[in-house]
Amino acid sequence: MPKPFTATGKKNLIGANLIALRKKYHLSQRGLAHELQLAGYDMDKNVITRIETQQRYVTDIEIKALCDLFNVSFEDLIK
């Protein structure tokens, strides 16, 4: 079964919002990956890059980690 993607061919809905949140908190991609690793999530800079460029699907665990780190709701993350 093929994996779903948006009408524009993107693989996630959070890429642009993740960039905005990361910049709001003055984090580089490497810095964000570091914070996530400290919180116990195995995400590196390359994962962040691929999510932000919408070339990678995002798991529910990763969405929860990002929501927790930035203290935002799921709805805010996917807007």
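**Starting at Asn12**

I began with Asn12, which sits in the segment before α1 (15-24). I kept in mind throughout that this is a predicted model.

Is Asn12 buried or exposed? I found a relative accessibility of 7% for Asn12, and because buried means under 20%, Asn12 counts as buried.

Next I asked which backbone nitrogens lie by the polar side-chain atoms of Asn12. I noted the backbone nitrogen of Ile14 at 3.1 Å from a polar atom of that side chain. I also noted the backbone nitrogen of Gly15, at 2.9 Å from a polar atom of the Asn12 side chain.

Then I listed what Asn12 touches, leaving out residues up to four places away in sequence: Thr6, Arg50, Ile51, Gln54, Arg56 and Val58.

**Along α1**

I moved on to α1 and wrote down its buried residues, which are Gly15, Asn17, Leu18, Leu21 and Arg22. Looking down the axis of α1, I saw that these buried residues fall within an arc of 160°, so they line one face of the helix. On the other side of α1, I found Ala16, Lys23 and Lys24 exposed.

What covers the buried residues of α1? My list includes α2 (29-38), α3 (45-52), α4 (60-70) and α5 (74-78).

Just after α1, I stopped at His26, where phi is positive at about 55°.

**Into the core**

I then turned to the largest nonpolar core, which has 17 residues. Which of its members touch the most other members? I wrote down Leu18, Leu32, Leu36, Ile48, Ile51, Leu66 and Leu77. I checked where the core residues come from, and α1, α2, α3 and α4 each supply at least two. The largest share of this core is from α4, with 5 residues.

Not counting residues up to four places away in sequence, I found Leu32 touching Leu18, Arg22, Leu27, Ile48, Leu66, Leu69 and Phe70.

**Checking the record**

Last, I looked at the UniProt record, an unreviewed entry, which places the feature "domain: HTH cro/C1-type" at residues 18-77. Over residues 18-77 I get 67% helix and 0% strand for the chain.

Note on methods. Residues numbered from 1 in each chain as written. Predicted model: local features only at pLDDT ≥ 70, side-chain atom pairs only at ≥ 80, totals over all residues. Heavy atoms only, no water. UniProt positions renumbered as here; feature names shortened; annotations may be inferred. Helix = DSSP H or I, 4+ residues; strand = E, 2+ residues; numbered from the N terminus. Buried < 20%, exposed > 50% of the residue type's maximum accessible area, 1.4 Å probe, protein only. Polar contact = N/O pair within 3.5 Å; in protein donor to acceptor, adjacent residues only side chain to side chain. Contact = heavy atoms within 4.5 Å. Arc of directions from axis to C-beta. Core = buried A, V, L, I, M, F, W, Y, C linked by side-chain atoms within 4.5 Å.
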